[in-house]
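Work through the exercises below with the structure open beside you. Try each task before reading its solution.

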Amino acid sequence: MENVRATARPAIWLMLGIVLVALNLRPSMAAVGPLLSAIRGDIPLSFSLASLLTMLPVMAMGLAMFFGIGISQRLGERRTVVLSLLIIGLATLSRLFLDSAAQLIVCAVLAGIGIALIQALMPALIKSRFPDNVALCMGLYVTSIMGGAALAASLAPRVMLDTGSWRAGLAIWAVLALLALLFWLLQGNDTAPVTATKATKETFFTHSRAWLLAIFFGLGTASYTCVLAWLAPYYVENGWSEQNAGLLLGFLTAMEVISGLVVPAIANRSRDRRRVLGALLVLIIGGFCGLILSPQHLSLLWPCLLGLGIGGLFPMSLIVSLDHLDNPQRAGGLTAFVQGIGYLIAGLSPLLAGMIRDRLGSFEWAWWSLTAIMVLMLLIVWHFDPRHYARHFR
């Protein structure tokens, strides 16, 4: 019994550390949308240029994925996490001193690089440390990511009102990075730098299934990044206050948190995830249709549907990727590839939506485009038959 407790205690502390780190992976982006009109009142920004504040960090996350695994192999898990938190914290804190759009964008890109280093590491770490509970632990990890977004979206406008500065509303989230950093620094040395093996050097660029998984993850994440960037400005344009629009985005991300916890637990009962994925996509389609056709009526229902769908789809896309390979190093390499390509795809969605808004004067056509993409993803889902996974990565 004592051995079991001794084993469980480090696992609990590790999971707590992962949760604290995950809380830092979205506030740098989620705080921007609710404060965008205030930012645009101080710094000249078109909607297309403002979209870069979400697009470029996501693109940086995608590019950094491809060398993130290599960095974690050289530095070890703990040092990689500490370095990433330092980058995120400093990039976030520096927003207190911004005077131009270029500086705002540079800070966003730096935060995106820090985020990517962690996101490249975590799936492999979870699969190796929690092999019997991968879906549940991935759900908790991703839920914490959504939780950080919910905190930032809901509270950033309040911080701006209390301090009289939108810069403070963007910069205060460095406190989360400091908290996580102190936690990891106080832990003892963990694993030594991981020795690169032949499996970890495997390239997935020649695997058609890896590309299909990456496209699926990218299209699903496109809906997340676009909603994160433009839902609050969409409702501000519809007459809502910045604070209420921020609270609505916070409510959506709270629904993502609930879904991120519940859906992987449900999906853990079977290795065939297709029905769950299909149900999540239907929820997202319903949410976008409501957002377009009746944004002012049942205004909590549409973000609820979107949040439940997106919040479950994000972890399930990664879980399906992990399902394809049993070896943690190979699975980690695959998820790094999937996220790398996927974030490059997803990063384009805020820019395209911003361009649509500048050209057509409304975000509605952006929501219609995302609805069509979700229908396409419904067709992709049925290719994820677990009975055939082994033949795709021999």
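Contact here means heavy atoms within 4.5 Å. The model is a predicted one.

**Exercise 1. Find the surroundings of His-324.**
Task: Which residues is His-324 in contact with, leaving aside its neighbours within four places in sequence?

Solution. 
- Step 1. Locate the residue. His-324 sits in the loop between helix 14 and helix 15 (328–360).
- Step 2. List the contacts. Leaving aside neighbours within four places in sequence, His-324 is in contact with Arg-209, Leu-213, Leu-334, Tyr-389 and Phe-393.
- Step 3. Check the accessibility. The relative accessible area of His-324 is 5%. Buried means under 20%, so His-324 is buried.
- Step 4. Look along the chain. Phe-384 is 60 residues apart from His-324, yet their C-alpha atoms are separated by 9.4 Å.

**Exercise 2. Describe the packing of helix 6 and helix 10.**
Task: At what angle do helix 6 and helix 10 pack, and how far apart are their axes?

Solution. 
- Step 1. Read the geometry. Helix 6 (residues 77–93) and helix 10 (residues 174–186) pack at about 160°, and their axes are 8 Å apart.
- Step 2. Name the arrangement. Angles over 145 degrees count as roughly antiparallel, so helix 6 is roughly antiparallel to helix 10.
- Step 3. The crossing of helix 6 and helix 10 is left-handed.
- Step 4. Pick out the residues that meet. Helix 6 brings Arg-78, Val-81, Val-82, Leu-85, Leu-86, Gly-89, Thr-92 and Leu-93, while helix 10 brings Ala-174, Ala-177, Ala-180, Leu-181, Trp-184 and Leu-185.
- Step 5. Sort them by class. This contact of helix 6 with helix 10 holds 11 nonpolar, 2 polar and 1 charged residues.

**Exercise 3. Follow helix 11 to two partners.**
Task: How is helix 11 oriented to helix 3 and to helix 13?

Solution. 
- Step 1. Start with helix 3 (residues 32–42). Its axis and that of helix 11 come within 7 Å and cross at roughly 55°. Helix 3 and helix 11 are therefore oblique to each other. Their crossing is right-handed.
- Step 2. List that contact. Gly-33, Pro-34 and Leu-36 of helix 3 meet Leu-228, Ala-229, Trp-230, Ala-232 and Pro-233 of helix 11. By class, there are 7 nonpolar, 1 polar and no charged residues.
- Step 3. Move to helix 13. The axes of helix 11 and helix 13 come within 13 Å and cross at roughly 30°. That makes helix 11 roughly parallel to helix 13. Helix 11 passes helix 13 in a left-handed crossing.
- Step 4. List this contact too. In helix 11, Phe-216, Ser-223, Val-227, Leu-231, Tyr-234 and Tyr-235 take part; in helix 13, Leu-277, Leu-281, Phe-288, Leu-291 and Ile-292 do.

**Exercise 4. Explore the largest nonpolar core.**
Task: Which residues of the largest nonpolar core touch the most other members?

Solution. 
- Step 1. Name them. In this core of 133 residues, they are Ile-18, Met-138, Tyr-141, Phe-216, Trp-230, Leu-291 and Trp-367.
- Step 2. Find the main contributor. Helix 11 (residues 208–237) gives the largest share of this core, 17 residues.
- Step 3. Inspect one member. Met-138 is in contact with Pro-123, Ile-126, Pro-315, Leu-318, Ile-319 and Leu-322, leaving aside neighbours within four places in sequence.

Notes: Residues numbered from 1 in each chain as written. Predicted model: local features only at pLDDT ≥ 70, side-chain atom pairs only at ≥ 80, totals over all residues. Heavy atoms only, no water. Axes fitted to C-alpha atoms, helices over the stretch in contact; angles between N-to-C directions. Helix = DSSP H or I, 4+ residues; strand = E, 2+ residues; numbered from the N terminus. Parallel < 35°, antiparallel > 145°, perpendicular 65-115°, else oblique. Left-handed = near helix turned anticlockwise from the far one by under 90°. Nonpolar A, V, L, I, M, F, W, Y, C, P; charged D, E, K, R; others polar. Core = buried A, V, L, I, M, F, W, Y, C linked by side-chain atoms within 4.5 Å. Buried < 20%, exposed > 50% of the residue type's maximum accessible area, 1.4 Å probe, protein only.
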